[in-house]
Amino acid sequence: FGIRTLSNDPVFDTLDALDVPAWAAVETQDDVSGSRWCLLDCRLRERTVESERAPEETARVYEQALVRDGWRRWQVERCPEQEEKGSYTCWRRDELTLDLWVREPTCVPPPGADGEPAIVPSPAPGEELPAECAGASVSLKVRNAIDDDRTRPQPSTDPSLTGEDPFPTLTDDPLGELTPSPS
């Protein structure tokens, strides 16, 4: 029982229990980094899933499943950290934070005859992706809230709080002003 408990991650069990249709979770790949006990780095769980349907429909299904499972949408300034294509939303539940990113799949054709990677053509506006490149890619990143920088107070950039300039402007005279001699 103890070994099974240590080998199973309850966060992945929760993600497995999300009520999404089978088409929304065709291929699942999990990755874990960090320490279970938050020694140096807390655990980061990452799940990548391939969906058979369009990104908009897939995002809607995952968002509804997260709400039913008790996750609350989290409006935070740095969600996402940088501008991303697709749908990127942040969520909180208990001591966890979750980033959900749903986007068009990355389609990599097989290498060319000379062994060099092939160039992936971008479809023209209004043009459909090839059948083998349809669907959506879903990324779920789950962190402990204590280790998520977005839950901490952010440093202020108020210029009045910076204090004195540690590198004052120097003049051309290396000795500065002459000091009067005592009389």
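Q: Where is the place of Ser35 among the strands?
A: Strands here are DSSP runs of E of at least two residues, numbered from the N terminus, and Ser35 sits in the loop between strand 1 (27-33) and strand 2 (44-51). This is a predicted model, in which local features need pLDDT of at least 70 and side-chain atom pairs count only at pLDDT 80 or more, while totals for chains, interfaces and linings use all residues. Residues are numbered from 1 along each chain as its sequence is written, and side-chain values use heavy atoms, with hydrogens and water left out.

Q: Does one call Ser35 buried or exposed, and which residues does Ser35 touch?
A: Buried means under 20% relative accessible area, exposed over 50%, and partly exposed in between, with a 1.4 Å probe and protein chains only. Ser35 has 14% relative accessibility and therefore counts as buried. With contact taken as heavy atoms within 4.5 Å, and residues up to four places away in sequence not counted, Ser35 touches Asp41, Cys42 and Arg43.

Q: Why is the disulfide of Cys38 and Cys42 called right-handed?
A: The torsion about its S-S bond is about 120°, so the disulfide of Cys38 and Cys42 is right-handed. As for accessibility, Cys38 is partly exposed at 30%, whereas Cys42 is buried, with a relative accessible area of 10%.

Q: What parts of the chain does the pair Cys79 and Cys90 link?
A: The link of Cys79 and Cys90 is right-handed, with 105° about the S-S bond. This pair links distant parts of the chain, 11 residues apart, with Cys79 in the loop between strand 3 (72-73) and strand 4 (87-93) and Cys90 in strand 4. Both cysteines, Cys79 and Cys90, are buried.

Q: Which residues does the cis peptide bond join, and where does Pro80 lie?
A: The cis peptide bond joins Cys79 and Pro80, with omega about 0°, and Pro80 lies in the loop between strand 3 and strand 4.

Q: What is the phi of Leu40, and what is the phi of Asp94?
A: Leu40, a residue other than glycine, has a positive phi near 65°; Leu40 lies in the loop between strand 1 and strand 2 and is exposed, with a relative accessible area of 88%. Asp94, although not a glycine, has a positive phi of about 50°, and Asp94 is exposed at 61% relative accessible area.

How values were computed
Disulfide = S-S within 2.5 Å. Helix = DSSP H or I, 4+ residues; strand = E, 2+ residues; numbered from the N terminus.
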